[in-house]
Each structure stands twice: as C-alpha cells, then as structure tokens.
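Here is a briefing on the inside of a protein model.

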Amino acid sequence: MSRSLKFPKKFLWGAATAAHQVEGGQHNQWTVWELENARSLAARASYQYDDLESWKAVAREAKHPNNYVSGRGVDHFHRYEEDFRLLKQLGLTTFRFSIEWSRVEPEQGKWDAGAITHYRDYIRSMKKQGIVPVATLFHFTLPVWFAELGGFEKRRNVRHFVRFAEKVFEELGSDLGYVVTVNEPTVYMNESYLAGNWPPNKTGKLRGVWVLLNLIAAHKRIYALARASAHHRRLKLSMAHHVLHFYPGDTAWLSRMSAAVAGYAANTFTIRRVRRQSDYLAVNYYQAFRMFGYRAHNSELLEVNDLDWDMQPELLEDVLEELWERHRLPILVTENGLADGEDAKRVTWLKETIGAMSRALDAGVKLIGYLHWSLLDNFEWDKGYWPKFGLVAVNRRTMGRMVRPSARWLSGVIKRLRNEH
Ligand code: BGC
C-alpha cells in the first residue's frame, strides 16, 4: 500500500500508553476505587456487556473480579527496557507515556527521589534507543491526598498540580520535548462527573463543567510557567483532546446544525480556550457519529470493535482537515486504535488510518506524527483488562510479550515508507 503514500521524513511513528494502565504497583485514587468496586463490576458484567459481539470471547475474563484490579499492570514499570526494544524493532520511534503523580508526590509536598530517578532512567533509556518521548502529566489518576482535598473540583487545588508540573520540568525537563499536560479533559469530565462511572462517581453538570474549566486553568498556568523559564521554554505543550467527530447524514438544516453544535460542545469549546497556549494540537481519535436531525445514527453496516464502537477510521481525514482549518496548529495524533483481541480488524483499521493521514497531508494539514493506542494490552479503566488494544499482546500470568501480526504489518509499512526517503 505504501506506493501511493508520502509521509514527511521526520514524521513521528509511535505508540502510546499511560502509567496506570501498564506500569503496575500503583497507589492512587484509582487503585483504592478498584478494590472497592471490583466485585460489583464483575457481577454487573453479564448484563452490561452480554450484547457485545465479542461477548463469548471475553465473558470469562469480564466476569472475574481480578479483571477490574490493575494490580501488577503489565509490569511495564520493570520491563520498560524490553518494551522499548520491541518498539524499536517494530520501527516505531516515538513513545507516549505518563509520569504518575502519585509516585512522584505520594504525600502532599513530599517528593519521592526514587520515583524521580526511575523516570529519569526511563526517559534516558528510551532516548538511548533513539525513541522520542511524549510525556503526559495527568492521565486520569490522582494521588490519594489530592483526591481527598477535592481534586480538580476546587480551583484552589489547581496549584498542587501546577507545582507537580514544575517539579517534573525541573527534574526531567531537559530530557523532554513534547508534553501533554492533561489527557482528555472532556472524557474525564464525562466519566468521573457527568456519567459518574469513574471515581469519584459524581453526577452533576455544573460540577463537571467546573472541573473542565479547572483543568483548562491548570493547563494555562503550566504553559505560562514553561514560557517564563529560560530552561523550559523549548518544551512543546498541549492538552490531548478526545475528538469526537460529528457529521451530518443528509443535507437537512437540522442535521447540519446538530452536527455543528455537538462538535462544538465536544471539541471546539475546550480547544479554543487553550488554542493560544498550545504549541501543537494533541488529538486522540476513536469514534465518529452521523447525525440525522438531532439524533446520532451510524450505519448498521459498519464493523465494530470488541467494545462495539463503530469503526470509521477513514474519517480521521475529515477530523484532521477540520482541526487544521479551524485552529492552524501542527497536529500530533496522540492516540488512535481499537480493542481487537482476535487481531482480525486491526490491519484494516491501520490501512484506512494511514490512507486518511496521507490524504490530510496532501490537503496541506501540518501533521507531525501518529501514535497508536496502544503498544501493549492494558488496563481499560472501569472495563479492566478484557479489551485488548495492544500492538503487542501480554500474557498477564507470565508477563510475556507477543507481537501481534497487525503490528508486524504496520512495521513493514513504516519501514518501507521510511526507505523511500
Ligand atoms: C484514553 C485511554 C484509553 C483509550 C481506549 C482514551 O480515551 O485516553 O486511557 O485506554 O481511550 O479506551
């Protein structure tokens, strides 16, 4: 497929993870919540997921309480060198990870020197293999003490997170380039505060929006802090936006209008508030919705992934072109992928995605890279371990890694694209 494709020489091909989803051995607000909720999540699985197409294949894992406890993760904390080697073998040269706040500041105001050394070694080890780091500061997990203070519900708590960012910059900043301050603020607002599926399980629109505004305020302060320092000025900062793509299914005024309104609420509302404080635009893309009137209704003919999310990877082109048109910032795709335990649909997804990016580049979008979610099978928050997003499968008993065939395919394409320069 690479014959008709042209990607810039410096295009960043890579994969993404987050600390809590892979490292193992955490102690934070989520681990406390998991232990309290594992049994009920397991008991609910049968009626919550039994209409999924993938149910037969995942039922055993989904009904077991252990599935909902992050526990040892996939032991990435100890096996990171092996994981970076795998990444490199696959021809991927960029890696997104998160720095776990609860490790670095386990108690308020007390920095853990061991954790800082760990992350320093970690980042240097990746750079030694020629891998470009993309570091996230907040990927849904909070230290217990910060959650007890009220987390991001209170504007005055923002300073604690800003202080953590400052510490990371002081200690690790010289080894970093791309930084994601906050991962998917809108998903965090939805899951933790509107739907109330995630800790602290609150529902309340006003509080949810206030949390979102506080995360935006945190990002802005961190941006100002980085710009004010001669050492950190070169860091490139963005929030990572979970972009939901809404498009009209017909030409009716209402369909066009509701697609525009939904897109504004889901994406533009947040992005335009941090547009001037973004050096690039970190974009996570998984799903799109076709609007008829004021309802979303995707075609019944679409393939779905193991979570029953409709697959429309080719629409990444429209996502990128619209974002470029509207915000004029260089774009890094910081997450994109699918749950596919059988690895039956990942190649199609990747093929369509690469085609979409190539067309967006042709159309003039300044696209700087693509990071697949995820390198490894990982802990999928309230769903636990049964959804398999990894290019590399992990056997959690042995912690053995197994490169999936789709990853080999991707690796072949990337290597060919690179050789064409
Ligand atoms: C999150 C990841 C998650 C992925 C797949 C994204 O919204 O940032 O943490 O694993 O979606 O569900």
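A cavity here is a set of grid points where a 1.4 Å probe fits but cannot get out. The model is predicted. A search of the whole structure finds four cavities of 30 Å³ or more.

**Largest cavity**
- The largest cavity holds about 60 Å³ of space.
- Its lining is made up of Phe7, Pro8, Lys9, Phe11, Trp13, Ile414, Leu417, Arg418 and His421.
- Sorted by class, that lining has six nonpolar residues, one polar residue and two charged residues.
- Helix H14 spans residues 405-419 and gives the most to the lining of the largest cavity, with three residues.

**Nonpolar cores**
- In soluble globular proteins, nonpolar side chains tend to be buried together.
- The largest nonpolar core in this model has 136 residues.
- Trp13, Phe152, Phe161, Phe169 and Met357 have the most contacts inside this core.
- Helix H10 (residues 205-228) gives the most to this core, with nine residues.
- Another core lies apart from it and has five residues, including Ala259, Ala262, Ala266 and Met291.
- Phe169 touches Leu137, Ser174, Val179, Ile222, Leu225, Ala226, His232, Leu235 and Leu237, leaving aside residues up to four places away in sequence.

**Cis peptide bonds**
- The bond from Pro199 to Pro200 is cis, with omega near 5 degrees.
- Pro200 sits in the loop between helix H9 (185-194) and H10.
- The bond from Trp373 to Ser374 is also cis. Its omega is near 10 degrees.
- Ser374 belongs to the loop between strand E9 (367-373) and strand E10 (392-395).

- Asp75 is not a glycine, yet its phi is positive, at about 55 degrees.
- The loop between helix H3 (55-62) and helix H4 (76-89) contains Asp75.
- Is Asp75 buried or exposed? Residues under 20% relative accessible area count as buried. Asp75 has 10% relative accessibility, so it counts as buried.
- Phe140 has a positive phi near 75 degrees, and it too is a residue other than glycine.
- Phe140 lies in the loop between strand E3 (132-138) and helix H7 (144-148).
- At 3% relative accessibility, Phe140 therefore counts as buried.

Technical notes. Residues numbered from 1 in each chain as written. Predicted model: local features only at pLDDT ≥ 70, side-chain atom pairs only at ≥ 80, totals over all residues. Heavy atoms only, no water. 1 Å grid on protein atoms, 1.4 Å probe; cavity = no way out; pocket = protein on both sides within 12 Å on 5 of 7 lines; lining within 4 Å. Points joined across faces, edges and corners; volume = space filled by probe spheres on them. Helix = DSSP H or I, 4+ residues; strand = E, 2+ residues; numbered from the N terminus. Nonpolar A, V, L, I, M, F, W, Y, C, P; charged D, E, K, R; others polar. Core = buried A, V, L, I, M, F, W, Y, C linked by side-chain atoms within 4.5 Å. Buried < 20%, exposed > 50% of the residue type's maximum accessible area, 1.4 Å probe, protein only. Contact = heavy atoms within 4.5 Å.
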